[in-house]
Amino acid sequence: MKIHELKIQSQHYNDVVSGIKKAEIRKDDRGFSIGDYLKLNEIGAAGLHTGASVLVLVTHILRGGPFGLPESYCVLSISLR
C-alpha cells in the first residue's frame, strides 16, 4: 500500500469530495496498485495549492492499451475513505 500525492484542479476536486467523481485518468508512471491511496491536493485557478486535500482509495485499475486508452495511461476507480 502506497500513498501517491497528486495535484487536482478545483472543479474536479470538488466533484471528488462530493462523491460525484469516482475515477481518475492518470499517466501510469507511479506503479499504482489496488489498495493504494491517492492524496489529491487541490490546485486553484492560479495553479497554486489551496491547502485542501482529500485521501481516496484505489479500488480498480484499467490499464491502457485496450479500449482506445493510450498504453501509458490508466483509469483509477476511487472511493472516499
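Two strands count as paired if DSSP finds at least two bridges between them; the strands themselves (E, at least two residues) and helices (H or I, at least four) are DSSP runs, numbered from the N terminus. With that in hand, let's walk through the sheet. What you have above is a predicted model, in which local features need pLDDT of at least 70, side-chain atom pairs count only at pLDDT 80 or more, and totals for chains, interfaces and linings use all residues. Residues are numbered from 1 along each chain as its sequence is written, and side-chain values use heavy atoms, with hydrogens and water left out.

**Strand pairing**

Strand 5 (residues 73–80) runs antiparallel to strand 2 (residues 23–27), and 5 bridges join them. Strand 5 also pairs with strand 4 (residues 49–63), again in the antiparallel sense, over 7 bridges. Strand 4 in turn is joined to strand 3 by 6 bridges, and these two run antiparallel as well. Strands 3 and 4 form a hairpin with 5 residues between them, and Gly-47 in its turn has a positive phi of about 80°.

Here are some of the facing residues:

| Residue | Opposite residue | Strand of the opposite residue |
|---|---|---|
| His-60 | Ser-77 | strand 5 |
| Lys-39 | Leu-55 | strand 4 |

**The nonpolar core**

A nonpolar core is a set of buried Ala, Val, Leu, Ile, Met, Phe, Trp, Tyr and Cys residues joined through side-chain atoms within 4.5 Å. The largest one here has 14 residues, of which Val-16, Phe-32, Leu-38, Leu-40, Val-56 and Leu-76 touch the most other members. Two or more residues come from each of strand 1 (3–9), helix 1 (10–18), strand 3, strand 4 and strand 5. Strand 4 gives the largest share, 4 residues. In soluble globular proteins, nonpolar side chains tend to be buried together.

Val-16 is worth a look: beyond its neighbours within four places in sequence, Val-16 is in contact (heavy atoms within 4.5 Å) with Ile-8, Lys-21, Glu-24, Leu-40, Val-54, Val-56, Ile-78 and Leu-80.

**Asn-41**

Asn-41 sits in strand 3 (residues 37–43). Its relative accessible area is 10%, so Asn-41 is buried; buried means under 20%, exposed over 50% and partly exposed in between, with a 1.4 Å probe and protein chains only. Leaving aside neighbours within four places in sequence, Asn-41 has contacts with Glu-5, Leu-6, Lys-7, Ile-8, His-49, Ala-52 and Ser-53.
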